[in-house]
Amino acid sequence: MRARPRTQPQPTTLTSRALRFFPRTDSAVVRKTLIGSLILGALIIAAIVTAVATGPVDIPLPNTVRAVLATISGESATSVTSTQQAVIERIRLPRVVLALGVGMALAVAGTIMQAIFRNPLADPGIIGTSAGGALGAVIVIAIGLSGSVLWIPAGSIIGSISALLLVFAIAFLGGRMSIATLLLAGVAIGSLLGAAVSTTILLTDNITAQREMFFWLAGGFEGATWTTARIVAPIALFGTVIAVVASRDLNLLLLGDDEARSLGINVGVFRIAMVILAAVLTGIAVAFAGIISFVGLIVPHAIRLVTGPDHRHVVLLSALGGALFVLLADTAARTIISPAELRVGIITAMVGGPAFIVLLMTTKTSRSSL
Amino acid sequence: MTATLPRNPLLASRLTDRGPSSISAVGGAAAFSAKDLSVRIGNSNIVDDVSLVGNFGELLGIIGPNGAGKTTLLKVLAGLLKPSLGCVEIDGVDLEKMPSSTRSRQLAYVPQITGAHPFTALELVLMGRYPHLRRFQIESEDDTEIAIEAMERMDVAQFKGRRVDTLSGGERQRVLLARALAQRGDVLFVDEPITSLDIKHQLLALQVLKDEARDRSVAVCAVLHDLNMAARFCDRVVLLAEGGMIDEGEPGCVITERRVAEVFGVRARVTRRARSNGVTVDLIEPSD
C-alpha cells in the first residue's frame, strides 16, 4: 500500500554500538552529549599530556603528569627537576591552554555562523571580523610598536571591532538588519580588508617586519604566556556556555525566520546577539593566535556528521572538538620539524581538509548539510 | 532528565469552561480579532483595512486570488509581521504586547513550505514542543508521545527517522501540520495547508484541522485555494481581493457564481447542497 517502507533499517555505527553500553536515557540529546563529551574529554586529556611531554626538552611521562598536577595545585612536585618544572609551567602549559581556548572559540563561532546564515560554508571569518583583526595586527607590526606582547592582540581586537561595526552599519542601512545584506557586506568588507593587509605587507620595507607579518598571518601559539592564556581561555569558555544556553534557539533559527518566530524566539534580537558573540570569539582567537583557518568551518560539520544536527549537542561537542583539533595541530606543528616550527594554520588546513573528506566519504547518510 | 509536562493553564481552563460542544464563542472573548489592519509595503497596501474575528472551535477559511494579501494577513494575525496600522488581539490580549514565549504557546503557525535543513521529521515535530519546555529541559517521553500522535494524525509517523529534506513537498507539508498540532496552541494559523497534498491527504488534513477545532476548541484559520474544500470544511470564510475584505460569512453565502466571476475572474456553476448545508463549485472557464 505505502510507497515507502514504514521503518528504515538503522545502520550499526560505532556510535550506536557504543550507546548500548550506556545506561538508558530517553533522550538522544543527553546520551549524545554525555558520550561525546566523555570521548572528546578523554582525548583532550591524552592530547594535553602528549603536548606537555613533547618538545626540545624531553620530559618523561610520569614527570609530566606530576609537574602538571603540581602546577595546578600550586605545590612543588617531587622528582621533577626545576628545569622540567619551569619548561612545563612557563612554556608548555600556557601554550596548551591558549591552543585549547582558541580552538574552542573558533569552533563555537563557526557553529553559530553556520546556523545564523543557514549556510554550510559559513566560517568564523565570514563577516570580516578576522580580516579586520589581521589588518589591525599587521598595522601594529608595520608601525613597529613593541614593548608589550599585548600590542599586536590589542591592534587586532581594534581591527576586528572596527570591521564588525562597519559591517553592521551597512547591514542596518535599511533600518532592519537583513541577513542577506549582513552576509554580503561581511564578504565584501572581508575582501577589502584582505586587500588592505596585502598592501600593508607589500609597502613594508623592513624584511624582518614583513616576515613577522607572514608568520602572524599563518597562525601560531609561540608567543603564549599565562597572560595571554588567561585572557583567551575564560572568554572562550564563557562564549561556549552562552552558545550552549542558546543552542535550542539555534535549532529554530535553522528553520527560517517565520518558523523560528512562531516557535517562540525573538529572531531579530537573538540573531544580532549571536553575531556579536561569534564575532567576539573570532576576534579574540585571531588576536592571540593569528589566522587559523578551517577549524571553525570543519569541526562543526565533523560533529554533525557523527551526531546529527541538533545544536543541543553540536555546540558543546564542537567546542571540545575544536579545542582538541587545535591542540593536536599545534603539537604537530612544533614537533614535525623540531626544533623549528611549522605554523598551526598550515597544519589545520593540511590535515583537516583530507581528514574531513575521509569522514564525508565514510559516513553513509550525510547529516551535515545545513 | 525526566520532567512533567507543563500544562497550559489557559487551555485547561477553557476546555472545562466551555467544553468541546460550544462551537462559537459569541458573547465571550474571540479567539483572535483584527481591527482595521493595514500592511503597507512601498506604495501599495498589501492588506487594506481588514477587520475580522475568529472564534474558538471554528475553522475559518481565507480565500481569494493570488496577490490578495492572504499570506500577509495570516502572518500579521500570527504575530510574525507588524501591521502598519491596526492591531490584533489574541483571546483579548494585544498581540504586540505578548512576549514571544507566551505567543508561541498559544499560537501555532504553519508556513507554505519549510526551508532546507538537516533535521529528521520527528526532530522537526518535536520542535513544536520547545515552547512548552524550560530552557534546559529536554523533551520528555510525553512530548515524544504528543509528537508521534500528531504525526500519526497527519499520516507521517512512518517518516519519523527520515530527514525532512528527503521528503516530497506534500509529505513535508504534512510534517509541518503535525508540528503545529504538537504545539497544542489555542489558535492555529495555516497557510495553504493542502496545496501540495494528494486528494486523500487533502481530505484527511482538513478533517484533522476541523476535528482539532471541534474537539479541542481551537480556533483554526487556514488560507485555502480550493473553493470546494473551503466550502466543505470551513465554518466561515473570508474573501479577500487586492488586500481588502470583500465578504465574510458562511461558505454558502460568500461563494456565489457572481463573486467567483467578479473576484476570481472565473465562470463557474455553484450548486447548493442541501444536505451538508454547503455548496459545490464547478469551474468552467476564465471569464474574461
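**A walk through the model**

Of the 370 residues of chain A, 48% count as buried, where buried means that 20 or more other C-beta atoms, placed from the backbone, lie within 10 Å of a residue's own, while exposed means 12 or fewer and partly exposed lies in between. Please keep in mind that this is a predicted model, in which local features need pLDDT of at least 70 and side-chain atom pairs count only at pLDDT 80 or more, whereas totals for chains, interfaces and linings use all residues. Residues are numbered from 1 along each chain as its sequence is written, and chains are lettered from A and ligands numbered from 1 in the order in which they are written.

Chain A has 15 helices and zero strands, these being DSSP runs numbered from the N terminus, with at least four residues of H or I for a helix and at least two of E for a strand. Taking contacts in chain A between residues at least 6 apart in sequence, 73% join residues at least 24 apart, a contact being two C-beta atoms, placed from the backbone, within 7 Å.

Now to the largest nonpolar core, which has 198 residues; such a core is a set of buried Ala, Val, Leu, Ile, Met, Phe, Trp, Tyr and Cys residues joined through C-beta atoms within 7 Å. A:Val102 and B:Val125 touch the most other members, and the largest share of this core, 18 residues, comes from helix H4 (residues 82-116) of chain A. Leaving aside residues up to four places away in sequence, A:Val102 touches A:Val232, A:Ala285, A:Phe288, A:Ala289, A:Ile292 and A:Val326.

Finally, the contact between the chains takes 28 residues from chain B and 30 residues from chain A. On the side of chain B that touches chain A, helix H3 (100-106) and strand E6 (107-110) of chain B each supply at least two residues.
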